[in-house]
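Here is a friendly briefing to read alongside the model. Please have the sequence and the 3D view open as you go.

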Amino acid sequence: ICVVAFGIASRIAKNAVAEARAAGVKVGLIRPITLWPFPTKALRAAADKVKSFISVELSMGQMIEDVKLATESKKPVTLCNRTGGMIPTPDEVLSAIYKADKAEKGEF
C-alpha cells in the first residue's frame, strides 16, 4: 500500500504508516514537496510495486485525480480526507490503511 499525502496531512500519515508497519502491514509513504510539478515518475514507479494507493487530503479529493493520472489507474486509489479545516486523525488514516490491507487480502 502506498499512502500519498502532502503538507500537514503528510505528518499525520507518517505516524499512521509507522504504526501500520509495526503491526506488520506493508505500507509506505510518498510525500510530494510540491504539487507542481507533480511527482509522476515516483508514483508511476510505485504503481509497479504496490497493490493500492491511499490519497490523504485536507480537501474534497483534488489530489486523488492527480494520483490516478500519474499511476495511469494501474492500481486502485482510495481517498481519506477531511474538509473545513479539520485535520484527519492518525486513527482515521490507520483505519484506511487497514481497510486497504484487508481488501488486498480479500477479507473485506
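Searching the whole structure turns up zero disulfides, a disulfide being a pair of cysteine sulfur atoms within 2.5 Å. This is a predicted model, in which local features need pLDDT of at least 70 and side-chain atom pairs count only at pLDDT 80 or more, while totals for chains, interfaces and linings use all residues. Residues are numbered from 1 along each chain as its sequence is written, and side-chain values use heavy atoms, with hydrogens and water left out.

**The cysteines**

- The closest cysteine sulfur to that of cysteine 2 belongs to cysteine 80 and lies 14 Å away, too far for a bond.
- Cysteine 80 is likewise in no disulfide.
- Cysteine 2 counts as buried because its relative accessibility is 4%; buried means under 20% relative accessible area, exposed over 50% and partly exposed in between, with a 1.4 Å probe and protein chains only.
- Cysteine 80 is buried too, with a relative accessible area of 8%.

- Strand β1 spans residues 2-5; helices (H or I, at least four residues) and strands (E, at least two) are DSSP runs, numbered from the N terminus.
- Both faces of β1 are covered, with Cys2 and Val4 buried on one side and Val3 and Ala5 buried on the other.
- β1 runs parallel to strand β2 (residues 28-30), and three bridges join them; two strands pair if DSSP finds at least two bridges between them.
- Valine 3 has leucine 29 of β2 as its bridge partner.
- β1 also runs parallel to strand β3 (residues 53-57), joined to it by four bridges.
- Here valine 4 has serine 55 of β3 as its bridge partner.

**Helix α1**

- Together, β1, helix α1 (residues 8-22) and β2 form a right-handed β-α-β unit: with the strands pointing away from the viewer, the path from the first strand over the helix to the second runs clockwise.
- The buried residues of α1 are Ala9, Ser10, Ile12, Ala13, Ala16, Val17 and Ala20.
- Seen down the axis of α1, these buried residues fall within an arc of 155°, so they line one face of the helix; the arc is that of the directions from the helix axis to the C-beta atoms.
- β1, β2, β3 and α4 (90-105) are among the elements covering the buried residues of α1, where contact means heavy atoms within 4.5 Å.
- On the other side of α1, Arg11 and Ala22 are exposed.
- Just after α1, glycine 24 takes a positive phi of about 95°.
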